[in-house]
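Hello,

Here is the structure I promised to pass on to you. Please open it first, and then read my notes below.

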Amino acid sequence: MLSIIASIALGCVMCGAGAAKIAMGRGWSNSAESMGSPRWVVPFVPWIEITIGAALIAQWQRRASAVSAGFVLVSFTVLIMANLLRGRRPQCACFGTWSTRRLGWGHVVRNVALLALAAVAAI
């Protein structure tokens, strides 16, 4: 039961993040590129988040969806940490206009918590 709750919670976060990125439009793309995201990946990220999030909510291939969410979260976390370790603190738009703070270690902590949800959802 706990894995179902974790997967639904994570799915909601991922769908919300993806939708917020789409709603932000070019502003999110600019933010992602300033963080060092590969330009060719940027247009797909919100749709990947929404797809994985919807699969988690629907409990479709829950383990595979949770592992996919974990992969996405690890990718984001590595990118955030790379920026922080270089002393760069670009504006975060992880949740579109809802999160326009500069990158900080709190973003890493948040992602580790989301990774824990992904791990529980995968069980």
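A quick definition to begin with: a residue is called buried when its relative accessible area is under 20%, exposed when it is over 50%, and partly exposed in between (1.4 Å probe, protein chains only). Please keep in mind that this is a predicted model, where local features need pLDDT of at least 70 and side-chain atom pairs count only at pLDDT 80 or more, while totals for chains, interfaces and linings use all residues. Residues are numbered from 1 along each chain as its sequence is written, and side-chain values use heavy atoms, with hydrogens and water left out.

Now the cysteines. C12 is partly exposed, because its relative accessible area is 46%. Its sulfur has the sulfur of C15 as its closest cysteine partner, but at 6.9 Å that is too far for a bond. A disulfide is a pair of cysteine sulfur atoms within 2.5 Å, and by this rule the count is zero.

On to the fold. The chain has five helices and zero strands (DSSP runs: H or I of at least four residues for helices, E of at least two for strands, numbered from the N terminus). The radius of gyration is 14 Å, close to the 14 Å from the globule rule for 123 residues, so the chain is as compact as a globular protein of that length. That radius is taken over C-alpha atoms, and the rule is 2.2 Å times the number of residues to the power 0.38. Of the 123 residues, 41% count as buried.

Happy exploring!
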